[in-house]
Amino acid sequence: MQVQAKAQHSNTAQVHKFGGSSLASAQRFAAVADILQQQNCQQALWVVVSAPGDTTDALLAIIAVAEDTAARDAALNALQAQLTALVQQTLAAEAATVVTAQLQQWLAAVPDALAQQRVNDVLAIGERLSALLLSELLKQQHFNAVAVDARDFLRLKQHQPDWTASAELLAKYTQPGCIHVVTGYIARDDKGRSITLGRNGSDYSATLLGALVQAAEVTIWTDVKAIYSADPRKVACAIPYSQVSWQQACQLAQLGNPVLHARTLAPLTGTDTVLQVRSSYEPEQSGCCVAQPSNTQPSAAQQGFITELNDVTLLTLHQDIAVTAERLALELQQPVIELPQQGDNLCWLLPTVCAEQALAWLAELNVHAVWDTRRYCAVAWLKADQAEQATVADQLLQQYAVLHRYENAQQLIWLLPEPLSAAVLQQLHQQLILPKPVLQLVVAGAGNVGAEFLSMLVTQQQRFDSTLKLNLAAVLNSRQAVLGSNIALSQWQQQLTQGSHWTAEQLTSYVAALPSPKVLVDITPSLDFARLYPEFIAAGCHIISANKQGVTLPGAEYQQIKQALVQYKRQWFSNTTCGAGIPVQRTLQELLSAGDTINEVSGIFSGTLSWLLCQYDGSKPFSDFVLDAQQAGLTEPDPRDDLSGKDVQRKLLVLARELGVALELDDITLQPLLPAGLELGSWQDFWQQRDILDTELATVFARANTAGKVLRYVASLSLEQGKASAKVALELVSAEHALAAIAPCDNVFVIRSGWYSANPLVLKGPGAGRVVTAGGLHADLAVLINQLIGKATAPALLT
Ligand SMILES: NC(=O)C1=CN([C@@H]2O[C@H](COP(=O)(O)OP(=O)(O)OC[C@H]3O[C@@H](n4cnc5c(N)ncnc54)[C@H](OP(=O)(O)O)[C@@H]3O)[C@@H](O)[C@H]2O)C=CC1
Ligand SMILES: N[C@@H](CC=O)C(=O)O
């Protein structure tokens, strides 16, 4: 384009273009005048207008019945009445009289113009009226405004702007300090004949004018507030972009975007002019800026788009032809898509309605095109990132019989036999366009279970990758912490050994600064750490606990955590605090939410004690078996928590609270397995006195053996008429008892309820160990993730 040939104007000029829907009534004219009043008066204002509402359609209808005088005159009268009313409602009486007289004159000249085949003069009436009406309205509001007929300066030669002639003529019509209200859609050819600029011609007029006056900005005021990532009428969560790169705007225009057209962009390509798309219905919205490369950071993000074009035809052409898809689009005034090239031939897609016209035009130029007579529906993905893969989308579209697929670094176009439903478009948009939520994970405790949890996280990251990113944002133990964005899962151990000492304040303020959503996974055994939960929740964290200390805090503190969860709308998952990976809490929750009443929960709740009491046969001291259980990762960090029965007591409290029973630990009668006094002091102190434990266990084991029974550490909670009674104790059970036939480490949860009364519901399986516990934590994490992405029955938590 010959940018240098254009008229030299101050580049502070602004061009505003208003389409027919923005000028459809007196109220809309008033709104347009208001918008113009808001603009910076220091800058030269150029306004381009379309015909009011559906005036052009009405004029086309008059042209169509030109031969039928009666029908023509009836249509002319109806249009005159409609437009006269518009003028009278828009302007004060005096100005309205002048404009109405002018309108009558134009309409009175229509029959002659039609007789002389000057249809473009007839079609020009709508824009001429808009320009006159708006300039008069602005004058009424004390602006210096003038109506300009674009045919007085805009010249096109063989569809191309004649910049030199247009710039020279425009200079004659330019009045300093004046708002020029210019007719869109119309111009003259090099022979001085009145021409129209076709579909969306007024947008083209605006950018031609923008180039001529070297405008700083051209604003297309329309009825949408932005350029969307997909058609918002079909894809409810389409993203209204505030900025789109010029290159992507050109690609979108080529794909037939209803807001941007290839011709609209062409005059401004290579200039500094910024193109804005704004809604005249929501002028307070800043709209979308189509940024020139000169105004965009090289690193500025590209946006993703999904567009579709239904009922298109495929043309195959030899690659050495001397005509471009752009040129054909100009000729047809329709989008012509040049598909990513896949071989020696070029493939173009164009609306089927103009396929014959396209072939005829190409034939005139001696260009041979092979016409695939099949009709296609095209779905195009403009990629935000050149490296993006479409694997998931390809899988999704497989079932819709993709007939052809064309891909390059910027775009991928699928050709299908049928249009996609709105539901499938939404799914495609979700997969390809919507930014994936990132869940920040803070993992406290990297010991026996924590390390296993982190090693499983690699697989979970891959499993969820298509919908959500799992970002390890912190790992800590009691001594050190690694706080950093996206810690590599292959390196957390090494990084943790080099981690820094942390304090609760540092940690909670670091977590508060992380973007939501975020989750704290507490795999420590620490009471002090559990006491920090209200602060983590206030910092925006959901909580997943394997640590039983939080769920068994004294009632008042436990309630504080619950209140914080309500206040900050966060979730707390603690399924592994009882039964490790066995979904016992979830089962109780489901029964309760379905309307069942729980009467009793009893059974074996300790994996360690289950393992010890199944394995112990008197062949070696009981304490040796304790060491084996510790090695196997079954015990608490201090195995005396298991032996004392405290761990089972805690688990019973967890279930009682799950059932809404306000118990405290001390309300649960505890008969320890550990002889009195051995729970005191350090592990070494205990170890020195272990023979007391060994003797005690040998004795009870012998007693059970003699009685033909087995030892089981049993927990029970019964609820009768709102009264709870709970105890944990060592019991001798007969070989036929339901709790006798278990595998070492098994937990058994026997649930008696309104629905499961005579025959209880029983959950049974390994209740301790690294893998099942880490797996249980991942099950909690999966529930949270599904809620976050809106897959679960609970409402999505991302908003
Ligand atoms: N083992 C199992 O089968 C099951 C275990 N659990 C629970 O899982 C939790 C972890 O058990 P396990 O992995 O065996 O224990 P470990 O002793 O192997 O690991 C505990 C981890 O927590 C860290 N830690 C301790 N105190 C704090 C603190 N105040 N702040 C931050 N980190 C701390 C430890 O750090 P450091 O190394 O510095 O001390 C260590 O990394 C326990 O609460 C346990 O009850 C729940 C269900 C089953
Ligand atoms: N030490 C506990 C581990 C699970 O909570 C047990 O043995 O049950």
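Author: The secondary structure of the chain comes to 29 helices and 32 strands. The model is a predicted one, in which local features need pLDDT of at least 70 and side-chain atom pairs count only at pLDDT 80 or more, while totals for chains, interfaces and linings use all residues. Residues are numbered from 1 along each chain as its sequence is written, and chains are lettered from A and ligands numbered from 1 in the order in which they are written.

Reader: What makes a stretch a helix or a strand here?

Author: Both are DSSP runs, numbered from the N terminus: helices are H or I with at least four residues, strands are E with at least two.

Reader: Why is helix α9 called largely enclosed by the rest of the structure?

Author: A residue is buried if 20 or more other C-beta atoms, placed from the backbone, lie within 10 Å of its own (12 or fewer: exposed; in between: partly exposed). Seven of the nine residues of α9 (residues 246–254) are buried, so the helix is largely enclosed. The buried ones are W246, Q248, A249, Q251, L252, A253 and Q254. In the chain as a whole, 44% of the 799 residues count as buried.

Reader: What makes a set of residues a nonpolar core?

Author: Its members are buried Ala, Val, Leu, Ile, Met, Phe, Trp, Tyr and Cys residues joined through C-beta atoms within 7 Å. The largest such core has 128 residues, of which W46, V47, L134 and V181 touch the most other members. Helix α6 (residues 119–140) gives the largest share, eleven residues.

Reader: Which residues surround ligand 2?

Author: A residue is near a molecule if its C-beta atom, placed from the backbone, lies within 6 Å of it. For ligand 2 these are A580, S606, G607, T608, L634, T635, E636, D642, D647, G767 and A768.

Reader: Where does ligand 1 lie, and why?

Author: Domain 3 (438–580 + 778–788) and domain 4 (584–767) both give residues to the shell around ligand 1, so it lies between them. Of the 30 residues around ligand 1, G445, G447, N448, N477 and S526 come nearest. Helix α15 supplies the largest share of this shell, three residues.

Technical notes. Domains from an automatic or database assignment.
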